[in-house]
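Subject: Structure for your records

Hello,

Here is the structure, with the sequence alongside. My notes on it follow below.

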Amino acid sequence: MTNAVTTPAVRFAPEHTSLCIEGLSLAYAGKPALDELTLDIPRHRITAFIGPSGCGKSTLLRALNRLHDLNPDVTRQGRIAFEGEDIHAAHTDVAELRRRIGMVFQAPNPFPMSIYENVAFGLRLQNRLKKRQRDDVIEWALRSAALWDEVKDRLHTSAWQLSGGQQQRLVIARTLAVKPDILLLDEPASALDPISTLKIEELMGDLKHQLTLVLVTHNMQQAARVSDYTAFVDHGRLIEYGTTDDIFTNPRLRRTENYITGRMN
Amino acid sequence: MNRKAAWHGLWPWLCAASVALSLLLLGLLLTLLLTRGLGHFWPAPLEAVTLTSGETFAGEVIREAELPDRSGQERLYFIGNRDNSAQDSHGTRFRWVSLDTILKREAPAQLVRLSRSPWGDFIGQLEAFEHSGQRLEDNAAWQALSQALAQPKNARPNARLTLRPLNGEAFIQPLAEVYRASRPNAMSWLSKVRYWADGVGRFLSQGPRAANTGGGVWPAIFGTVVMVIVMSVIVMPFGVLAAIYLNEIAQQHRFTRLVRIGVRNLAGVPSIVYGVFGLGAFVYGIGATVDEWFFSASLPSPTFGTGGLLWASLTLSLLTLPVVIVATEEGLARIPDAQREGAVALGATRLETLTRVVLPMAAPAMLTALILAVARAAGEVAPLMLVGVAKLAPQVPVDATFPYLHLERKFMHLGYHLFDTAFHGDSVQAAIPLVYATALLLVLIVLVLNLTAIFLRHYLRRKRATT
Amino acid sequence: MISPSRLRTAQPRRQFQDRLATAIIVVGAVAVLAAILAIGIFLLWHSLPVLAMPLPSITQKLTVLAWGTLKAALFTLLFAIPVALCAAVYTALYLPPRMRHRIKPALEMMEAVPGVVVGFIAGVILAPWVEQHLASALALLVWPPASALLAGLVWQALAPRRLPFNQAWLWLIPWLLAMGWLALWAAPLFEHYLLGVDLRYVLETRLGVDYATRNAMIVGIAMGFAVVPGIYALADDALSDVPASLMEGAQALGADRWQTLWRVALPAAGPGIFSAVLIGAGRAVGETMIVLMASSNAALISASPFEGMRTIAAAVAIELPEAAPMSTTYHLLIFAALVLFLFTFLVNTLAEVVRLRLRSRLLRLGGGV
């Protein structure tokens, strides 16, 4: 604990910024979980949050689409802006916010419905598309998630029959189908085998041309492989933030270096 | 030390015996109900008994017992023929006979047993069948009678029977009062089975007759079903809404926990207390006010100010509310939060998450809740005695006149019918076989419902465990 | 480039529907809560006039009813507690979990049998039989349980491998049936040999005991039948929640199974068993149909097992429909119902709190070892 200094946040020009987090603090039932975080998340890039388990990186991710609203024990201070707009503003429609900022969870959570219905779920909420258009979007989403070839012949079988890796890609397809601007991924490969993990990582690389990705991972190699920017979070604080190359090859702080080289648990 | 150890080995046997005893008691109860309840419909053989005094009579053997005053046995016969004035036990349908006074027992094939409407069963001989001046005797008479009874009631000929009890004068019996006839001693095994099935069918489909000693329980089944349906329509929405509130919306505070414990304990409040509330608050409170406002024309005879279907259903909804809430909440709590978060993360509102993900997944739990509530309501009698059940309802609560469902009417209920027949009938002895059958029906309904609920729950747990 | 209204709702109808639904759910929940409160408030309000009545008339009436209620509950528990607790000990501690999960629902089926059916069997079938065969009935109460010990002795002597102890629940059934038959056969002989006359005759003439056909003994057995599964289920839960590590520890120190049960399992599960008995007592106090049908309903104060009683619940069921609304009897009966309500509510709350406390304690114990 030699370097308790918070490094200055990396800022981007507004037109390149997707999310702007300013002085964000969060507490669970009075117990602080995030402490005065300030950072910008660049558009059409992959940003990874790394840090030891329990450091608050998942908490931070869930703050970005206001998922903490479901838990009344959580209190928040600070501001998060999406495309320059405060997501906590009174006029914000949380449902619309969450459509624009999609999320993929640690364990695959397909609904107990058919594969088709899982992907159609978000579209049906909007209720704007005719069946033909919807079918097209579903095919597009499944292709984007690199799942189409595996499931095109059994779209109407239960999603729970898919393998873990397929389920996770199905969840990504389901999220892509509602055309989000940002995709939040909470350790999306931690429950998967290496081959599935590889597929998901390739997928992330493809997707960043369409949208902004934010990845939480405890796997440093993964962060190094796929992300453009990396933020190291510990004890609810942002320790260091920069390009992935900088963080992994040339960290400014001893604390970051210790974590990355595995000298810290 | 050794002796002590030996005792330690023996005590667990008492424990094992407790389990065995409980299962045995349950088994005995069910066996008793099954044999007595279903056995009643089996055509029992008839005996023609000649006594040492020279008297002859016909009857069905019920049971034997020891003589009260001296050693020896006596036998109870069901002899029917309440209208036979020559019978010294005139008006009763049973006769005890000491075994040592019996000279001869026979089972003549031509003994008939007729079920009749005003006077109950007749046991004796069919002498003649008269129809439009034609008189048929003996076997021909029996065949004509069988054919006539095979017709639907309104198509039967306007015939007259000549009947002769073994111990009395022949008399004329209009066919219109007879609804069933058998010659049990002449029946083949197959026709006995057919007769039995027909009897069970009649029991389930007809109304009670002859002060509940004959006929069936159809109005009671119907009343129970209607009451349970109305109750379900009331209790399910409120129970499910409350469960959703407790599990999905309320913050899990101390207050919510208190409410939850309160609801759970409500399940332990005696059912009679709900009956008291129903009578005081619904019947005398709301019902009387409704009468004053809307039915003042028919006062002082009450419309809603007396027990009826609506109040009974409402009372039982209150009674089953905790059952529904607890079972539904259990189902909701078992749905992983990941499912809710998944829906919410796609931009679903709370309502959409509920209706599209949570409730479909909780549907089997809600079904279990409904089944448990129905099982509880079907077997519950005490509160109904206060809020609207009837010994014999003149009208069923559903008919073809507007508004079709008559919520203010009294209705018959299987459980109360059982209680009333067993305790308040004018001839309990004669009604007991039908009480057994009613009890069996009630137990079967309730047990099947409970087993379904247990199976559903078990199946759900397994399904959850595998995914 | 960026319009400031990006996060404003595009579909106000969805938002409105959501708010409406939330409101409906809250209203539903409040209605349920209001209904629960209404029961308490109604009973309280309508029993207030009792305060204006002369005290002796109230106490006289209520004492009889309270006595009857407690007597019925006592005889019920006398029968139900040993059976239920013994059964729970057996299934929780001696049976493999798979078998336990099969037997438990079967025992719980006993609770599903409607009270009116149990009451009918007890009041119309059992009571007259017992009246005529009192000696046989008493023999049936005593001999089969004692014969289970005999079965244990025989088993220890023969040690049959094909009849393991964890299946004793099954093959003790025919044994009990045979022993019951033996008791039925032997009891009249003993009665004849020892007394020469009917036992009930002796009781009535020589000992001056009044014998009512429908009496406390019948009520105890019938209501015991209905209460056993409730006590059993909760006691079984409490006993199987006792961490296995705790019991293994005791056995490692050389205690045999029965000692482990007495010294470790029962004390650890004690509060749970206590709450099970409380729940059973609540049920016994409030049960209406069985008492109504299996007891004489005579309003008298007597402790004899061969005499009947009138309980609060039965009195309400019999008298309330005939009492004129707002009459003295009406208010008095509602007051009796209030007493019943408060008693069961308190007893159940106490049981629930004790049960939850114990559960978390045992979970901690299990996790800590």
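H8(B) and H9(B) cross in a right-handed sense (a crossing is right-handed if the near helix is turned clockwise from the far one by less than a right angle, and left-handed if anticlockwise). Helices here are DSSP runs of H or I with at least four residues, strands are runs of E with at least two, and both are numbered from the N terminus. The contact of H8(B) with H9(B) has five nonpolar, two polar and three charged residues. In these classes, Ala, Val, Leu, Ile, Met, Phe, Trp, Tyr, Cys and Pro are nonpolar, Asp, Glu, Lys and Arg are charged, and the others, Gly among them, are polar. On the H8(B) side the residues are Gln339(B), Arg340(B), Ala343(B) and Val344(B), and those they meet in H9(B) include Glu352(B), Arg356(B) and Met361(B). A contact means that the C-beta atoms of two residues, placed from the backbone, lie within 7 Å.

The axes of H8(B) and H9(B) come within 9 Å and cross at roughly 150 degrees, which makes H8(B) roughly antiparallel to H9(B). Axes are lines fitted to C-alpha atoms, for helices over the stretch in contact, with angles from 0 to 180 degrees between N-to-C directions. Angles under 35 degrees count as roughly parallel, over 145 as roughly antiparallel, 65 to 115 as roughly perpendicular and the rest as oblique.

This is a predicted model, in which local features need pLDDT of at least 70 and side-chain atom pairs count only at pLDDT 80 or more, while totals for chains, interfaces and linings use all residues. Residues are numbered from 1 along each chain as its sequence is written, and chains are lettered from A and ligands numbered from 1 in the order in which they are written.

Between chains, 15 residues of chain B meet 22 residues of chain A. H8 (337-345) and H9 (350-379) of chain B each supply at least two residues of the chain B side, and the largest share, six residues, comes from H8(B). That side has seven nonpolar, six polar and two charged residues.

The contact of chain C with chain B takes 81 residues from chain C and 71 from chain B. Helix H1 (residues 12-47) of chain C gives the largest share of the chain C side, 20 residues. By class, the chain C side has 61 nonpolar, 15 polar and five charged residues.

Chain B also has an open sheet of five strands in the order S4-S3-S2-S1-S5, with antiparallel pairing (two strands pair if DSSP finds at least two bridges between them). S4 (94-98) and S5 (102-106) of chain B stand at the edges with a single partner strand each, so one side of each has no neighbour in the sheet. Four bridges join S1 (residues 47-51) and S2 (residues 56-66) of chain B, and Val49(B) stands opposite Phe57(B) in S2(B).

Chain A has an open sheet of four strands, S2-S1-S4-S5, also with antiparallel pairing.

On confidence, chain A has a mean pLDDT of 86, with 95% of its residues at 70 or more. pLDDT is the predictor's confidence in each residue, from 0 to 100. Over residues 1-6 of chain A the pLDDT is below 50.

Regards
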